[in-house]
Amino acid sequence: MTGAEAANALFVAAIILFAGAMFAYAVEYAFDKRAPKRAKQLAAVGAESTADDGAEAEAPAGEAPISPAAARGAGRLGLILTFLGTAALAASIVTRVVYTGRWPWGNMFEYTVGVALAGMVTWLVLVSKGSVPRRLGLFATFAVTMVLGTSVRVYTEAGPLVPALDSYWIVIHVTAAIAASGILLIGCVFAILHLVKRRFDRQVSDGKPIRFPLNVAERLPDATALERLTFKIHVFAFPLLTFGIFAGAVWADLAWGRYWNWDPKEVWAFIAWVVYAAYLHARVSGRSAKANAPWIAILGYAVMLFNLTAVNLVFGGLHSYAGV
């Protein structure tokens with residue numbers, strides 16, 4: 001087996017492990033009936049339909065196909081599989097480094113794999129510190145698995161860097177961009193969960209029936225806690241994003257003689273930076289702006305995805321030599 005084949009095998013193993021972890025987290029999320037206190041309080045004052053949901057959350061273990069103890073065991077297995085999948089993904093990247101003898105950010109496939117690794121490491125740090133319930137790994141592993149699955153569409157064989165990328169600035173600029181993108185991926189997940197939980201709470205307080213898929217939010221943490229975590233993640237990632245763009249400008253000056261060239265990649269990276277700056281500003285502004293801030297955070301990651309996909313695959317420019 002060549003180094004490239006070993007890297008690919010580890011990559012596939014990581015996807016399988018993350019998919020297995022996602023299933024295990026789903027079991028814990030569905031059958032460990034220790035509902036958040038906030039959800040129980042709202043159910044107590046909500047409509048009769050939501051009171052039934054609360055009663056279900058307190059049902060004896062024997063009435064469920066899987067006991068709460070078994071569900072928590074599945075959650076622990078999911079966490080183990082997440083660590084193993086993250087290790088396999090990191091090993092795949094390292095194997096590419098050894099095989100090619102260069103830094104592994106030479107194309108769109110390698111960049112996307114790096115984003116997935118950064119996102120999964122971010123999640124593991126959060127759950128290890130007790131900042132989030134383990135069962136929310138269902139959503140983190142889903143997001144990362146989707147990213148890895150999408151990366152297969154732009155798979156590129158391991159090989160040497162093109163001359164334009166053969167610079168130590170690829171370590172500085174691209175690594176910072178990858179780290180920021182991976183952290184913001186998890187931030188986007190929590191922004192979405194916050195909005196779903198907020199809608200769920202509003203439906204309960206208004207006495208309206210809760211139907212699928214909104215009833216999935218019953219097991220989510222308090223909406224305020226999700227919003228605060230979303231903000232903290234973005235506060236941490238924004239300086240990394242800023243540094244990555246700044247380092248890219250310095251590299252552009254060394255490579256092309258100008259800090260700014262109005263290249264599509266540069267323009268959309270700057271647009272993403274502006275959107276995230278708007279999110280942080282809205283978050284610390286008045287109540288109305290703060291309520292809309294999570295939507296701005298989601299828009300920010302949509303711009304990031306557009307810059308990664310459409311700009312790379314559709315628009316031409318100075319970054320086109322990087323290939324896919």
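The model is predicted, so local features need pLDDT of at least 70 and side-chain atom pairs count only at pLDDT 80 or more, while totals for chains, interfaces and linings use all residues. Residues are numbered from 1 along each chain as its sequence is written, and side-chain values use heavy atoms, with hydrogens and water left out.

Let us start inside. The largest nonpolar core holds 79 residues; such a core is a set of buried Ala, Val, Leu, Ile, Met, Phe, Trp, Tyr and Cys residues joined through side-chain atoms within 4.5 Å. Buried means under 20% relative accessible area, exposed over 50%, and partly exposed in between (1.4 Å probe, protein chains only). Leu89, Trp123 and Phe190 have the most contacts inside this core. Leaving aside neighbours within four places in sequence, Leu89 touches residues including Phe11, Val113 and Leu148, where contact means heavy atoms within 4.5 Å.

Now for the rings. Rings of Phe, Tyr and Trp (its six-membered ring) pair if their centres lie within 6.5 Å; planes under 30 degrees apart count as stacked, over 60 as edge-to-face and the rest as tilted. By this rule there are 10 aromatic pairs. One of them joins Trp103 and Trp105 edge-to-face, at 6.4 Å centre to centre and 80° between the planes. Trp103 is partly exposed at 35% relative accessibility, whereas Trp105 is buried at 12%. Phe270 and Trp273 are stacked, because their ring centres are 6.1 Å apart and their planes are at 10°. Both Phe270 and Trp273 also belong to one aromatic cluster with Phe238, Trp260 and Trp262.
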